[in-house]
Amino acid sequence: MSSRREILDLLRENARYTTEDIARLTDFSESEVAEIIEEFEEAGVIRGYQAVVDWNAVETDEERVRATVELNVTLDRETGYDDISERIAKFPEVTSLRLVSGDYDFDLEVEGDSMREVSHFISDKIAPIPEITQTVTHYIMESYKEQGMEFDDHDDDDRLSVSP
Amino acid sequence: MTLEPATRVDSVPPSGIRRFFELAEEMDDIISLGVGEPDFSAPWAAREAAIASLERGRTSYTANRGKRELRERIADYEAATHGLQYDPDEEILVTAGASEGLDLAFRALLNPGDTVAIAQPCYVSYVPGATFAGVDVVDVPTRAEDEFKLTREVLESTGAADADALVYCYPNNPTGATMTGDEIAEVAAFCRENDLVVFADEIYADLTYEHEHTSIASLPGMRERTVVFNGFSKAFAMTGFRLGYAMAPPEAIEAMNRIHQYSMLSAPTTAQYAAIEALDNCRDEVTEMAAQYDRRRKYVLTRFEEMGIDCFPAAGAFYAFPECPWDDADEFAEALLQEKRVALVPGSAFGAGGAGHLRVSYATGLSDLKEAMARIESFIE
């Protein structure tokens, strides 16, 4: 018997599967699938649907620059991680923000149209936040896999077309 | 003396699949649902273990029966998953695919002139394998109305009671049929009553979707008369590694090894290292692949239902076996390939009882599967 979780797995695999497709792939009826997805959306389990874009494959002169930034912060009695994260997450340039274990506190992902724009954003908007003690910026040079999807196409099916 | 084929070779026709393979190979952009192997690559950890073994220079022969470490793991795996108890020293033989194991069993355990009952439709090697060994074949065609399960009635009506051995494969290629513990017990009882030995091809044992697989060797009074064949090709998606194994009482394994040591010497060494890693660390991948197959299975069965094509709910391996909408399934498969560029294999290629049906392999990515089913739908309209 299919579980509700399976619907999440399928949408993670391909958010464009129709409710009809998902019904065919599971033991749920089409209306049950629609209902479950709606419940997930209302409960905030599903936060959105996005395309996985390989920017290198986009045929345009526009550049898309991404960087991950390590942030160190200091906390005091009035300011916790949640307070700091709220300030940072509001910037549209920030595409992801996570609190992590290890040598630094936040792992930040930033997107911009040029390296200059991203550098300025870090130095003008992020670094001056009083609780931030250090930033280390890593520009992403090449992306090989995003959201579970490999970007190279070397995995062509080389099986015989018909076999016993 | 000329280099003519020997008569027993000449008597075996080329595989019925061959013709479709040749047709399909000539065409571009076909979608093939005619493939009898997983679309997944072998789990990365297993591939990496193979690479590491090469880097360390592990390129010698192994023991004839296979590396002991591998046989130990096979014993543990079979005990944990199928309730089988086999001694790694005396009762397990690592072979170059389950196919080699079957061939060894025909030659090592049967005499020319013995008869073997073969449940069909079945994998293409059984009948030729028996013929090469000089063994006579009794066809046991399973029936669509039994959902291609092997029943006592079919065994009795085909004269299998007089045979010396029974060969079957469940979960089945090409039908996707599975058998429950109770149904297997009925076959076991028949074999005990009529004193048949059993060659049980369990290569798809870990790809069942409705109920657990029951190995006939785990049933009372069966271990001593059964050889079980399994391997890494299907559940672990390691077809090209060519690695399987046979499990049987010591005297049977000893006899099979007598041929194996001269013909094969030992199964591929690199593959054995990969298999050790597969059993140690790749079970999660097997579970994940099985989950993917199950979704596709549901998809295919639902689509056939929507098209009004009769297809029993195949519950194992990665095949569905619908009834062909035309009387002649060979003609249908050929026309579908020519007109819609979708390859299926007609059931007749898999022996008695397969005619009028089509083997549809769902070991294909979902987007191709969707497209193929849409093409089939437009073809029959």
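Let's start with a strand pair in chain B. Strands β7(B) and β8(B), the latter covering residues 244–247, are joined by 4 bridges and run antiparallel. Across that pairing, B:F229 stands opposite B:A246. This is a predicted model, by the way.

Now the other neighbour of β7(B). Strand β6 of chain B, residues 197–201, is joined to β7(B) by 4 bridges, and here the two run parallel. B:F229 turns up again, as the bridge partner of B:D201.

Is β7(B) mostly covered or mostly open? Mostly covered. Look at which way they point. B:T226, B:V228 and B:N230 go one way. B:V227, B:F229 and B:G231 go the other way. Both sets are buried. The background is simple: in a regular strand, side chains alternate between the two faces of the sheet.

Stay in chain B and follow the loop between β7 and β8. B:A237 is found there. Its phi is near 55°, a positive value in a residue other than glycine. B:A237 counts as buried, because it has 23 C-beta neighbours inside 10 Å, and 20 or more is the cut-off.

There is another residue of that kind. B:F148 has phi near 60°, again positive and again not a glycine. Where is B:F148? In the loop between β4 (136–141) and α7 (152–157) of chain B. B:F148 is buried too, with 27 other C-beta atoms within 10 Å.

While we are on loops, two cis peptide bonds. One joins B:Q120 and B:P121, with omega about -5°. B:P121 sits in the loop between β3 (115–120) and α6 (126–132) of chain B. Another joins B:N173 and B:P174, with omega about 15°. B:P174 is in the loop between β5 (165–169) and α8 (181–193) of chain B.

Step back to the domains. Chain B splits into domain 1, residues 7–42 + 284–376, and domain 2, residues 59–282. Their centres, taken over C-alpha atoms, are 24 Å apart. How many residues are in contact? 35 from domain 1 of chain B and 40 from domain 2 of chain B. On the domain 1 side, the elements giving two or more residues are α11 (283–307) and β9 of chain B. The largest share, 7 residues, comes from α11(B). By type, that side of domain 1 has 19 nonpolar, 9 polar and 7 charged residues.

Over to chain A, and one helix: α5(A), residues 115–126.

Which residues of α5(A) are buried? A:V118, A:F121 and A:I126. They cover an arc of only 55° around the axis, so they lie on the same side of α5(A). The face turned away from the buried side carries exposed residues, namely A:R116, A:S123 and A:D124.

What do the buried residues of α5(A) pack against? Four elements of chain A are on the list: β1 (65–73), α4 (81–89), β3 (106–112) and β4 (132–139).

Last item: where the chains meet. The contact takes 10 residues from chain A and 22 residues from chain B. On the chain A side, the residues divide into 4 nonpolar, 3 polar and 3 charged.

Conventions. Residues numbered from 1 in each chain as written. Chains lettered and ligands numbered in written order. Predicted model: local features only at pLDDT ≥ 70, side-chain atom pairs only at ≥ 80, totals over all residues. Buried ≥ 20, exposed ≤ 12 C-beta atoms within 10 Å, placed from the backbone. Arc of directions from axis to C-beta. Contact = placed C-beta atoms within 7 Å. Domains from an automatic or database assignment. Nonpolar A, V, L, I, M, F, W, Y, C, P; charged D, E, K, R; others polar. Pairing = 2+ DSSP bridges.
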